[in-house]
Each structure stands twice: as structure tokens, then as C-alpha cells.
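Subject: Structure for your review

Dear colleague,

Please find the structure below, handed over for your study. I would be grateful if you could read the notes that follow with the structure open beside them.

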Amino acid sequence: MKLDFEEVSVAGLTKSYGPTLALAGVDLSFSAGSVTVIQGSNGSGKSTLLWLLAMLAYPTRGEIRYGKYGVSRADGLRGRIGFVAHQLQLYPGLSGHENLLLAAKLQNIPYAEKRATDLCEALSLGEYWDRPVRTYSRGQAQRVSIARALLHEPRLLLMDEPATGLDAKSTASVVGLIEQEKQDGAIVIVVTHEAKFASQVADRVLHMDRGRLVEPEA
Amino acid sequence: MSTLRAALLVALKDLQLEVRTKEILTSTGLFAVLVVTLGSLAFYTDPVSSPNVAPGVLWISILFCGILLIGRSWALERENDAVFGLLLAPIPRASIYIGKTISALVLLFVIELLLVPLCLIFFQIEASGIMLPLLALIFLGSVGFVSTASLFSAVGIRTRARDLMLSVLVFPLVAPALLASAVATRELFAGATTAEILGWMRILTAFDLLFVGFGVWVSRHLLSET
């Protein structure tokens, strides 16, 4: 059963990989219908935060709450989370269409084909829909990855550098899709280095440095 | 979604990829033919002693092909971090392990369908009357081996030393099943009846149940944080 939530909050969130402290006690909350952009230098802990929120890693210390639910309800929460990771998490031997249909079946979406077709049109995937992903450019594969993250109409949408490799037209499509998700009440968290893209989508911008939230440099 | 349905989706995805690329079957199949051919040329002496040698060649081929095949199957999951696409889905973690094990077994059976006749021909072993118990032995031996190797491949998906770990940990663990399979096959080739090798089959069945059960139980935790 898919669980619903209106807010995501983290308290004292800490993650270390051996001696390396990736996140050092982060406290944050994200509410429905908002877009939060997280910026920071490489290794500042932005992507780690997304991985923890996607429940692909466990915190060393601290807690994540999805509304009233904790990560112990992961099976019900996963169906409400969409994640565009930096590595695109697609099977290169399958076409974009097959990758999306596999994700739709695993998400148990009854109207999979229609939803996939709608996203295909929104992201202009049509030209290379049936070609193996390994023949795609980075931007084309990125669009399939974004479509996969949106397929199941997630409540929490996590995007790690979603505009990487996209041309101006595709970037505009992604901005439109993020706006649409926000209108639909999703919690959107975007990690990006691209200032223009950030300014187009952000309701609030956070900065991270060495695993902590910091004030932006003047 | 039920564990079995999700496992079938994962397995079908693997088989679809293989039908598309034929990468695993081509490389592993050629390797299998090479091992059996080399084994038959190097060890063949006469029709009397060949039934003693053939089981070793057959099971060494299955072991090496299985390791190659399973390694390649999990490498597909590492490419582009695709396994995380599965881990993001609201499916039981064990279904990923079960699905990968099913697809590896299907592919290994295809290779074995090539290996067994080759082995029987090269070592001049009379096939009549032994095919059914031989296939049953191969099935039982393969299930134990593949379930164990898949489990350690799942463990090692984010480990740099995965190949070393696979070889160092899997070979000793599957040794009892492989030894039982090889000895039972030797007895069968030497003229034993199905009833006479039933004890070996029971040992293999127990091993399979133990390792499949252990794999399903452990994989829930192993794949939770990779």
C-alpha cells in the first residue's frame, strides 16, 4: 500500500562513510507544493542527502520522517518517491520505452502505457523511443530518467543535476514539469550547480558545505 | 506487489536483455564448448576410463560457466547504477535476488543443454537410460550453485573486490554440492541406477533448500543498503 505524506523532515541527519563525514547533523523540512534547490561545492553532502531521502542509504545518526511515517515503512513509501540520480539508473540494453515500462510494472501502475506515452510527449522522447538507451546522448538518457522518476506521480521528487546535458528546449520542458509537479502538491528537491536553472524553479535555495547547511557566500 | 511477481519481472528483464544482446550466452557458450573439448582431448583415454573423467570435465565446465554468467548478469546491474532503479521500486528486496537467480538458472540451463550432449559424445558415454537422472542431477547441482553465487554477487555489487570475493567465498561454499553432483554423475555414468543415486539427490535437495532459503532471508538485508 502506498503511503501519503504532506511533509518530509530530517533531524540531526548524519552520514559517514568510514572516516569521511558526508552529512553532519542536518535539520531540515520540506513541505508539499514547494521546490527546494540545494547548492554547494562538490563533496558538500548534497547528493548524500538525496540518497538518504530516497532510502537508498541509511543515516549513521538522525532521523527522516515522511509525514507521520519513518523509514521502517520503506516499502509503502518507496512508491511515493521519484529519484533522478546523477548516474541514470537505466538499462543500456533496453530502449527508453522498455525502461519506462519495466519501472511502471515494478511500481504497479495500472495505466502504465498511457502515462509513459504522455511523458514521452512532454519530454519529446518520441524520436528515439524504441532505440537502446546505450545509443542515446546524455541529454536523451537524462530525459528518460526524468520520465521514469515522474511515472508514478511521486509525492517526493528528488533530482540530482536534472539539467545536465539538456539543451535549452529540453531544460524548459523540465522546468515546466517541475512546475506541474509543484502545482500537483509534490515536494520537489533539486540539487543543481546551474544558477539559471535554480532561479527558474526554486521557491527556496539552500547551501551546503562539508555536510552542513550554511549561509550563502555574498 | 508479491515477491514472486516482482521476481518474475526482474528475471524477464534479464532474459529480455539477453535475447537482445546475446552477450552472456555467446561468451559463456563458447567458453563451455572450449572447456569440454579441451577436457576430452586432454583426459580421454579409452571408453572404459572415460566415464570416470567425464563428470569432472562436465562439472568444471558448469562451475566456470556459471561464475562467468552470474558475474556478467550482476555487472548489468552495476552499469549506470541500474540496480538502484530496482531498489527504488516498492518491491520486496528478496525479489531482486530471486529474479536474478531465476534468470541465471535459465541461462545456465541453456548452456547445459549444449554441454551435456557434447560431453556424452566426446567421452563416448551411452545416453540411453541416464538422461532423466542426469538432467535431475544437473538441475539440483545448478540450483544450489547459482543461488549461492547470486547471493554473493548481490553482496559484492558495490564492492571493488567482488570478483575475488566471488571466487574465494563461493567455491568453498558450493564445494559440497559440486562434489555430490560430480560423484553422483560418475556413479550414473558407471552404470548406477536412479535408485542408487537417490541418496546424492537427497543431499543436493537439502543443500538447495538451505541455500535458497538462506539467500532469500539474507538478501532482504543485503540489498537494503548497498
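This is a predicted model: local features need pLDDT of at least 70, side-chain atom pairs count only at pLDDT 80 or more; totals for chains, interfaces and linings use all residues.

For the complex, the predictor gives an ipTM of 0.87 and a pTM of 0.88. Chain B has a mean pLDDT of 88, with 95% of its residues at 70 or more.

I turn next to the contact between the chains. Chain A contributes 24 residues to this contact, and chain B contributes 20 residues. On the chain A side, the elements that supply two or more residues are α2 (74-78), β5 (81-84) and α3 (96-106). Of these, α3(A) gives the most, with four residues. Sorted by class, the side of chain A that touches chain B comprises 15 nonpolar, six polar and three charged residues.

The other finding concerns two helices within chain B. Two packed helices are described by the angle between their axes and the distance between the axes. The axes of helix α3 (residues 50-78) and helix α6 (residues 131-155) of chain B come within 10 Å and cross at roughly 35°. The crossing of α3(B) and α6(B) is right-handed.

Which residues make this contact? From α3(B) they include Ile62(B), Gly66(B), Ile70(B) and Trp74(B), while those from α6(B) include Phe145(B), Val146(B), Ala149(B) and Ser153(B). In the contact of α3(B) with α6(B), eight residues are nonpolar, five are polar and none is charged.

With kind regards

Conventions. Residues are numbered from 1 along each chain as its sequence is written. Chains are lettered from A and ligands numbered from 1 in the order in which they are written. Two residues are in contact if their C-beta atoms, placed from the backbone, lie within 7 Å. Ala, Val, Leu, Ile, Met, Phe, Trp, Tyr, Cys and Pro count as nonpolar, Asp, Glu, Lys and Arg as charged, and the others, Gly among them, as polar. pLDDT is the predictor's confidence in each residue, from 0 to 100. Axes are lines fitted to C-alpha atoms, for helices over the stretch in contact, and angles run from 0 to 180 degrees between N-to-C directions. A crossing is left-handed if the near helix is turned anticlockwise from the far one by less than a right angle, and right-handed if clockwise.
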